[in-house]
Structure formats: structure tokens, C-alpha cells
Amino acid sequence: MRKRNESVTVEHERAAAAAAAVPGPLDKGCSLRRSLRLPSSAAAEGMKRPLGRRYGLWFRLRKIILWLLGVYIAIPFLVKLCPAIQAKLVFLNFVRVPYFIDLKRPQDQGLNHTCNYYLQPEEDVTIGVWHTVPAALWKNARGKDQPWFEEALGSSHPVILYLHGNAGTRGGDHRVELYKVLSSLGYHVVTFDYRGWGDSIGSPSERGMTYDALHVFDWIKARSGDNPVYIWGHSLGTGVATNLVRRLCERETPPDALILESPFTNIREEARSHPFSVASTQYFPGFDWFFLDPITTSGIKFANDENVKYISCSLLILHAEDDPVVPFHLGKKLYNIAATSRSFRDYKVQFVPFHTDLGYRHKYIYRSPELPRILREFLGKSEHEHHH
């Protein structure tokens with residue numbers, strides 16, 4: 001009986017399985033019930049996916065925010081502990097633009113009447129120099145070597161020693177265009193890369209930059225005879241220029257005039273007024289202590305406002321009202337300091353603004369059609385003062 005019951009049970013289970021495999025009327029109801037259940041589970045999974053995505057997005061966003069906050073906190077301390085970082089940000093000598101140019105070949109930049117020199121202000125320091133002769137000597141300059149160019153400095157043409165700003169090299173586009181303008185006006189233009197810039201060898205510092213400028217000035221004077229020599233500084237180069245001219249005046253060998261293009265009062269005030277710094281000074285507590293004090297610690301001052309009190313030669317300041325790098329008000333402030341200084345009482349001090357509509361910004365004043373007249377009138381008077 002037990003075996004029979006077991007066999008009946010097995011057959012019953014097989015029949016039930018077969019019945020389940022073959023769809024019947026009841027199966028439709030079951031399928032309907034299953035189909036009603038499936039959407040609810042799919043909806044639950046669909047809800048989980050957006051929630052998962054949202055959670056993953058928030059997690060990544062939180063990681064980014066925490067990372068930025070860490071950088072925001074770490075950088076000031078890094079700058080404070082390593083003032084050399086701030087010095088590099090002031091000089092930007094590691095930014096060499098335009099790239100891939102051969103500074104030994106100024107003719108590649110359209111300066112066919114320019115010679116490349118190398119001078120040695122100090123042991124282990126070599127600086128690259130370009131000398132562009134006046135356009136009137138262009139034909140004679142073709143194919144000539146360094147001795148001819150050095151001798152040409154003694155011709156009856158004034159000389160401008162140009163001191164460029166931070167970043168780039170003596171082959172920068174706007175600098176090259178200015179050399180061409182000055183050459184067309186009848187000036188020799190001598191310019192160079194400070195130690196650590198371009199192909200010049202050495203480590204940059206304010207003292208070193210000033211000494212390089214002094215060496216080049218003395219090199220020019222030894223060859224230019226009685227021809228007037230003017231100093232032209234642009235941007236950071238105005239700090240080098242006033243350092244140089246103050247030193248020249250102290251040793252009683254002043255230049256015939258000083259031209260400052262887009263100048264500031266001192267590097268600390270310029271750094272504080274820079275567009276990158278304006279927002280930081282408002283929202284970053286301790287900005288001066290973290291960022292500006294390390295500049296002073298590095299020995300970088302470029303104190304134009306102090307230097308002009310000890311300069312005794314004619315001074316011309318050129319500044320564009322829309323200058324985004326060195327704010328116009330700093331150039332105007334420097335002029336006001338110089339104009340009231342006793343050291344300039346026997347010399348002409350002139351400030352020439354360029355309206356915002358002209359679009360000259362920080363480095364395009366050379367485009368001004370008024371520049372030749374401005375220089376002719378100012379330097380003509382300076383030469384008269386020099387000879388009388």
C-alpha cells in the first residue's frame with residue numbers, strides 16, 4: 001500500500017508539473033498576477049537607479065569640494081613657508097613666450113638690422129642682448145658683425161636702453177614692435193634678458209636684475225660718446241629702471257631721461273591691486289601675511305615711489321586707462337609723488353594718459369600714432385636740458 005501511495009504521489013507531482021508547463025485558463029490569471037507584480041518591482045529598481053546616481057554625484061561633488069578646500073588652505077601656507085614660490089610668481093621668468101624662437105636670430109622676428117650679443121655682468125652670469133640700429137642705418141647694417149654694431153653706437157643717434165617686464169623674453173611680440181617704432185624714429189635700441197630670462201644664465205633677483213641693467217648701461221656709455229642715452233622701462237621693468245636711475249644719479253652719471261610705461265608705485269601695492277588679488281583681499285583673511293609679506297621676505301620691493309625721490313633727470317610716464325595688469329591709478333599716483341619731489345624741481349615731469357577707447361591696455365601703447373610726437377617733444381626738450 002505504501003509503495004502504491006508513493007507511486008501515486010509521484011505520478012500526481014508529474015501531472016502537476018506537466019499542467020504547470022502547459023498554459024491553461026488558470027495560467028492566464030497567474031500570468032496576469034505576475035505581470036501586475038513585475039511593474040511594481042521594475043519601478044522600485046528604477047527609483048533606486050536615480051537615487052544611486054544622485055548619491056554618487058553628490059559623493060563626487062563632495063570630494064571635489066573637499067579637495068578644493070584643501071588646496072585653498074594649503075597654498076597660502078606653502079607660499080608662506082617657501083617665499084621663493086612667490087618670487088617666481090612675480091618674475092614669471094619661466095614663462096618663455098613666444099615659444100620656439102631662436103633668440104640668436106633676431107632677423108627671424110623681422111629685425112634685419114639687429115645684432116645679438118652676449119655680455120657677462122658677473123662671474124657665472126651671461127645675458128643675451130639685442131642691439132637694433134636706427135632705420136636710417138638699415139642698409140649699412142646688413143651682413144655686419146658685432147664690432148660694426150658696437151661702433152655704430154657712436155653715430156649721431158640717441159640710444160634707448162629698454163628694460164622689459166616680467167614673463168617672456170626680449171623677443172616678445174609687443175616688445176619687437178616697439179623696437180621697430182623706436183628704430184623708425186631714429187633711435188638705437190638696446191635691450192636684454194635679465195639673468196634667468198630667455199637664454200640668459202643666472203638666478204633672478206631684484207639686485208641681479210638691477211646690476212645687469214647697470215652693466216649694459218655702462219657698456220653703452222663706453223661706446224656712445226656724447227650721444228644721449230635714455231632709459232625706458234615697462235611694467236616690472238619700471239622697477240628695474242628706477243632702481244638703475246637712482247643708482248646712476250647717486251654716482252652723478254644720470255641718463256638723459258627716464259621713460260616709464262605702465263608703472264606702479266611699489267611691488268607690494270601692485271600685487272595687492274592686481275586683478276587676481278582683488279577678490280582674494282576681500283574674501284581671504286590674512287592675505288597680506290600669507291602672500292604679500294613673502295614678497296618682501298624674498299627681497300623684492302621695486303619701490304618706484306621711493307626711488308623717484310632720488311632721481312634727477314626728466315621723467316615721462318605713459319599709462320593706458322584700461323590697463324588690466326597695472327591699474328591706471330598706480331601710474332597716476334607715482335606721477336603725483338614725482339611731480340612734488342624736490343629732486344625733479346629742475347627737470348620736466350610729464351604724465352601722458354591713453355583713453356580707454358583706444359584699447360592699448362597693458363602693452364600696446366606702441367600702436368599710438370601720437371607716440372612719435374610725444375617722444376619728439378619730450379626727448380627734444382630733454383636733449384636741450386642735457387646740453388645746457
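Helices (H or I, at least four residues) and strands (E, at least two) are DSSP runs, numbered from the N terminus. The model is predicted, so that local features need pLDDT of at least 70 and side-chain atom pairs count only at pLDDT 80 or more, whereas totals for chains, interfaces and linings use all residues. Residues are numbered from 1 along each chain as its sequence is written, and side-chain values use heavy atoms, with hydrogens and water left out.

Side chains of opposite charge can pair when their charged atoms come close. With a salt bridge defined as a side-chain nitrogen of Lys or Arg within 4 Å of a carboxyl oxygen of Asp or Glu, the structure holds 14 salt bridges.

In helix 6 (residues 173-184), Lys180 and Glu177 lie three residues apart, about one turn of the helix. Their side chains form a salt bridge with an N to O distance of 3.6 Å. Lys180 is partly exposed, at 30% relative accessible area, and Glu177 is partly exposed as well, at 31%.

Helix 8 (residues 236-250) contains Arg246 and Glu250, which are four residues apart, about one turn of the helix. The closest N and O atoms of this salt bridge are 3.2 Å apart. Arg246 is partly exposed, with 23% relative accessibility, while Glu250 is exposed, with 53%.

Arg373 and Glu377 are both found in helix 14 (residues 371-387), four residues apart, about one turn of the helix. A salt bridge joins their side chains at 3.3 Å, N to O. The relative accessibility of Arg373 is 36%, which makes this residue partly exposed; Glu377 is also partly exposed, at 42%. Elsewhere, salt bridges with shared partners link Glu122, Arg195, Arg207 and Asp212 into one network.

Asn116 is located in strand 1 (residues 114-122) and is buried, with a relative accessible area of 15%. Not counting residues up to four places away in sequence, Asn116 is in contact (heavy atoms within 4.5 Å) with Leu103, Lys104, Pro106, Val129, Trp130, Gln146 and Arg170. Gln146 is 30 residues from Asn116 along the chain, and their C-alpha atoms are separated by 7.8 Å.

A polar contact is a pair of N or O atoms within 3.5 Å; within protein, one must be able to donate a hydrogen and the other to accept it, and residues adjacent in sequence count only if both atoms are side-chain atoms. The side chain of Asn116 makes such contacts with the side chains of Trp130, at 3.2 Å, and Arg170, at 2.8 Å.

Key:
Buried < 20%, exposed > 50% of the residue type's maximum accessible area, 1.4 Å probe, protein only.
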